[in-house]
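Here is a briefing for a reader new to this structure. Look at the model first, then read on by topic.

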Amino acid sequence: MEPILKVSDLRTYFRADAGLARAVDGVSFEVHPGETLGIVGESGSGKSVTSLSVMRLIPEPPGEIQPGSKILFRDNEGEKDLARVTEEEMRHIRGNDIAMIFQEPMTSLNPVFKVGDQIVESLRLHQGLSKKDAREKAIDMLRLVGIPIPEQRVDEYPHQLSGGMRQRVMIAIALACDPKVLIADEPTTALDVTIQAQILELLNRLQEELGMAIILITHDLGVVAETCDRVIVMYAGQVFEEGSVEDVFRDPQNPYTEGLLRSIPRLGSHSERLAVIPGVVPSATEWPTGCRFHARCPYGWEKTAQEEPPLFEIGPGRKSKCWLVEHPERREEIRRETGGFTPEGALTGTGASTPAAGAPDEGVDVQARDREV
Amino acid sequence: MSIIEGQASRRVAQGDRALPDVDPLSGADIPLPPPKGDSDLRGSTPDDVEPPADALLVVRDLKKYFPIHKGFFSRHVGDVKAVDGLSFFLRKGETVGLVGESGCGKTTAGRTILRMEEATSGEVLFDGKKVFTMDRHDLRRLRRRAQYVFQDPFSSLNPRLTVGDALREVLTVHRLARGDAAQRRIGELLEIVGLSAEHGVRYPHEFSGGQRQRIGIARALAVEPDLIICDEPVSALDVSVQAQVINLLQDLQDEFHLTYLFIAHDLSVVEHISDRVAVMYLGRIVEIADRDDIYRNPLMPYTQALLSAVPVARPGHKRERIVLRGDVPSPANPPSGCPFHPRCHHPLKDADCAKIVPPLADKGGGHFAACIKVPLGSAD
């Protein structure tokens, strides 16, 4: 099937006091109709900037989508490059074709308008419905997202709703115009775990009913595992691994993915110690040379410190940005010698640049902790 | 003699509950178990059992209400019952996890225990001494033995003090070291938590989140405490840095024989680090037991729902998920009877649940759960 959204070589840079921040630096991915694509990464990995770029919500200046970036969106009329369209066209696409929900629903809802009016606004603007029809549709939408007594809730203000209810309202607004792609940026991070389960279940159900594609952006590997079909793992503004959720979680090929999966405590797994990724996430103004993960990687060698690996295609729909693809023997060797990612961090003297103005990297110190009492 | 010392814990004395059909309190025979489906109010509560002799911290029926005032004369119209009758203990050297969703009172509990907020009622014993009646002198001694690590290390560090000065302040206030000795100790503390002595001249903003949390831990360790209350110590950190701090906390516990009260909402982290776990809901502990008992055999329906809601990074791992309906009720106006009953999915839920406040009862082997539909013996 043709992808509905095709992002290629997306570069979004920001001018900052500290220099040019290359927040998103050459990201490519595809989204197919009806699928859920997870974009997973830590803070500073560029996952949110990627989604804001697709929506063209990057404040310019200081931000800029670099020339050469392509965001191809396919609809009935053909293909449009969202990186090129005018603001006027984009306004038509937002909400109608691609909608977005954010982490903190309170800040995206207008506190002085009733929630119903905020859905009505979107319906009248994008679909030209009459006031009466729009209100009815708004009530239908609130019912669809599982809000009890929607006839009454439609006239309430955001502060009268709980966090979970607000996120439902946001989803109702986003879906009111029947978009083809829904971008959900950390939609459950601010919510409690039982409410998170409700919202994720709701998104799954709505996708089955309405058939839209979902891009789910999150730092929570558990959320990805339970809701997504495919996943891309981002680190330092780049895609490090891509594949089906099954493949990536069962057999991570990129050391960063491997480290992430091994360092999180998982319910029901009784490990005495967690494996550690040493060091900290580098800063976007000074990405390390070579592979951007090399200083935190137990498998790194000279080549990885000097040359940036390409995003190798290693199978159907499966990619990894790592020189180990060409040198698989090295992985086995290091695992035999040091165990790869271990609780103590297998390496010393890593030089990952830190946001802490040259503060020594944490990884070095993880083991320099011995002390005579 | 302190209350704890000299008395063997009833729980310990009970041993492995060789006589399950004898009331542990009176020793009298208890009536036949009620037919299935009926409410079961039996089982001793944490208030009935003596804490073990090696308990470092004992909390008894702790309550913290925040008054609600309304109107021109600020009439007292009600209370937010943030913490509503908490009883538990911490043995020396163990880690007890306190989990619950936002607003369940877990943070207030931690703050009240160390008297950062005055409790409404109840009692806290630290090493046998009553915390709530301590004078200033005793309180200062308490602060040398019990410390706190906060969620957000940045807002808990003074931005205008270098890290060294912040640590020196602790050493000075508690008259632990001065001059060169203090300088040496500061370097030593920074090294214990995986930083280097040279970091002492830097300001908090020069550090990353994980490093700041290490500084927060160093500050807590400066007084060589016995107990550290950790309030969401890793939830503000990046995923790849969380493991570093969790491992550090475990190493320090082994090295300095620390006791932790680990307050968090992340059930996976709590499972990883805790020996025992207490689950809170609307200001109360609704289940408390050994870690494995809670996670493998949760008895209270809320705990079951909470555990089933945690997304697990294991694709294809299909579980029966209990999706709770509705939101957490307001602690200013909690439901009658069992606070969880409006959201409860228990098949035997009935009118009793809305009437009877379920006691946190020992359902067998020291597995306490506050549910009248879970019969005595369910945990055996």
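In chain B, 8 strands form an open sheet with mixed pairing, in the order β6-β7-β8-β3-β9-β10-β12-β11. The edge strands are β6 (146-149) and β11 (361-362) of chain B, each pairing on one side only. Strands pair if DSSP finds at least two bridges between them. Strands (E, at least two residues) and helices (H or I, at least four) are DSSP runs, numbered from the N terminus.

This is a predicted model: local features need pLDDT of at least 70, side-chain atom pairs count only at pLDDT 80 or more, and totals for chains, interfaces and linings use all residues. Residues are numbered from 1 along each chain as its sequence is written, while chains are lettered from A and ligands numbered from 1 in the order in which they are written.

**Inside the chain B sheet**

- Strand β3 (residues 95-99) of chain B pairs with strand β9 (residues 276-281) of chain B in the parallel sense, over 4 bridges.
- Val96(B) stands opposite Arg276(B) in β9(B).
- Helix α10(B) lies across β9 and β10 (284-290) of chain B. It runs at about 100 degrees to β9(B). Such angles run from 0 to 180 degrees between N-to-C directions, and axes are lines fitted to C-alpha atoms, for helices over the stretch in contact.

**Helix α10 of chain B**

- Of the 9 residues of α10(B), 7 are buried, so this helix is largely enclosed by the rest of the structure.
- A residue is buried if 20 or more other C-beta atoms lie within 10 Å of its own, exposed if 12 or fewer, and partly exposed in between; the C-beta atoms are placed from the backbone.
- The buried residues of α10(B) are Pro301(B), Tyr302(B), Thr303(B), Ala305(B), Leu306(B), Leu307(B) and Ala309(B).
- They pack against α8 (193-210) of chain A, and against α8, β9, β10 and α9 (291-296) of chain B.

**Where the chains meet**

- In chain B, 45 residues are in contact with 52 residues of chain A. Contact means that the C-beta atoms of two residues, placed from the backbone, lie within 7 Å.
- On the side of chain B that touches chain A, the elements giving two or more residues are α5 (179-192), α6 (209-221), α7 (239-256), α8 (267-273) and α10 (301-309) of chain B.
- α7(B) gives the most to this side, with 9 residues.
- By class, this side of chain B has 20 nonpolar, 13 polar and 12 charged residues. Nonpolar covers Ala, Val, Leu, Ile, Met, Phe, Trp, Tyr, Cys and Pro; charged covers Asp, Glu, Lys and Arg; the others, Gly among them, are polar.

**Strands of chain A**

- Side chains in a regular strand alternate between the two faces of the sheet.
- From strand β7 (residues 98-101) of chain A, Ile98(A) and Met100(A) point one way, and Ala99(A) and Ile101(A) the other way. All are buried.
- β7(A) pairs with strand β8 (residues 181-185) of chain A in the parallel sense, over 4 bridges. The bridge partner of Ala99(A) in β8(A) is Leu182(A).
- Val233(A) is found in strand β10 (residues 230-235) of chain A. Val233(A) counts as buried because it has 28 C-beta neighbours inside 10 Å.
- The C-alpha atoms of Val233(A) and Val40(A) are separated by 5.0 Å, although the two residues are 193 apart along the chain.
- Not counting residues up to four places away in sequence, Val233(A) touches several residues, among them Val40(A), Gly41(A), Phe240(A) and Tyr256(A).

**A helix pair in chain A**

- Helix α4 (residues 115-127) and helix α7 (residues 163-175) of chain A pack at an angle of about 20 degrees, with their axes 9 Å apart.
- That angle makes α4(A) roughly parallel to α7(A). Angles under 35 degrees count as roughly parallel, over 145 as roughly antiparallel, 65 to 115 as roughly perpendicular and the rest as oblique.
- Val115(A), Gln118(A), Ile119(A) and Ser122(A) in α4(A) meet Val169(A), Ala172(A) and Ile173(A) in α7(A).
- This contact of α4(A) with α7(A) has 5 nonpolar, 2 polar and no charged residues.

**Backbone details**

- A cis peptide bond joins Glu60(A) and Pro61(A), with omega about -20 degrees.
- Another cis peptide bond joins Pro61(A) and Pro62(A), with omega about 10 degrees.
- Pro61(A) lies in the loop between α1 (47-54) and β4 (63-65) of chain A.
- Asp127(B) has a positive phi of about 50 degrees although it is not a glycine. Asp127(B) is found in the loop between β4 (121-126) and β5 (129-130) of chain B.
- Glu224(B), not a glycine, has a positive phi of about 50 degrees. Glu224(B) counts as partly exposed because it has 14 C-beta neighbours inside 10 Å.
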